[in-house]
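Thanks for passing this one along. Here are my notes, in the order in which I would read the model.

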2 protein chains.
Amino acid sequence: MPESNNAVLIGTKPVMNYVLACITFFHGGAKEVRIKARGRSISRAIDVAEVVRRRFLPDVKVKSIGIGTDQITSTEEGNQLTNVSTIEITLER
Amino acid sequence: MPESNNAVLIGTKPVMNYVLACITFFHGGAKEVRIKARGRSISRAIDVAEVVRRRFLPDVKVKSIGIGTDQITSTEEGNQLTNVSTIEITLER
């Protein structure tokens, strides 16, 4: 799958911040926007996708959803490798 | 999509409890297991799917992932309707 630049990485800010980022991409002519999150931010990623397509842009559809696992080095646990789940939701107009 | 009985509803218990529930379905001959979650349990649902297929049953694949919104009556906020995001991950062997 080719990487596009229209990616919104979900962190700990309020949902509407990321919704606005998605809408800005679509209003700029983007055909696709990818919403990416890991760990506890994953539920917020789904909130963002749902709010974008249900409240603001009804012509936007969920094109695909992928899940995976990233290995990260946790500094809290003495630089041990730990696994964190990831999600990538691709919206298309 | 026909409803099957092989559904694991994710709550707040440890990930391995739900992993074991999925494995038990597959060992009992199930071809498909659906993992369902809403709200903050969504990231745990993905953890469960990833642990099942990466650590225990490598022949299990993610068949489909669906997201949606449920309207729930929040007793905390005076019986107002609030939206909660949902996910359903279907694993198949």
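1. Two residues count as in contact if their C-beta atoms, placed from the backbone, lie within 7 Å. By that rule, 15 residues of chain A are in contact with 15 residues of chain B. Helix 2 (42-56), strand 3 and strand 4 of chain A each give two or more residues to this side, and helix 2 of chain A has the largest share, 7 residues. Helices (H or I, at least four residues) and strands (E, at least two) are DSSP runs, numbered from the N terminus.

2. A word on conventions: residues are numbered from 1 along each chain as its sequence is written, and chains are lettered from A in the order in which they are written. The model is predicted, so local features need pLDDT of at least 70 and side-chain atom pairs count only at pLDDT 80 or more, while totals for chains, interfaces and linings use all residues.

3. How are the chains related? Chain A superposes on chain B by a rotation of 180 degrees with 0.0 Å of shift along the axis, RMSD 0.0 Å (least squares on C-alpha atoms of residues with pLDDT of at least 70 in both). That is the relation of a two-fold axis. The copies meet through the same surface, because 100% of the interface residues of chain A are also interface residues in chain B.

4. Within chain A, 4 strands form an open, mixed sheet in the order 1-2-4-3 (strands pair if DSSP finds at least two bridges between them). Its edges are strand 1 (7-9) and strand 3 (61-74) of chain A, each pairing on one side only.

5. Strand 1 and strand 2 (residues 32-38) of chain A pair in the parallel sense over 3 bridges. Here Leu9(A) stands opposite Lys36(A) of strand 2.
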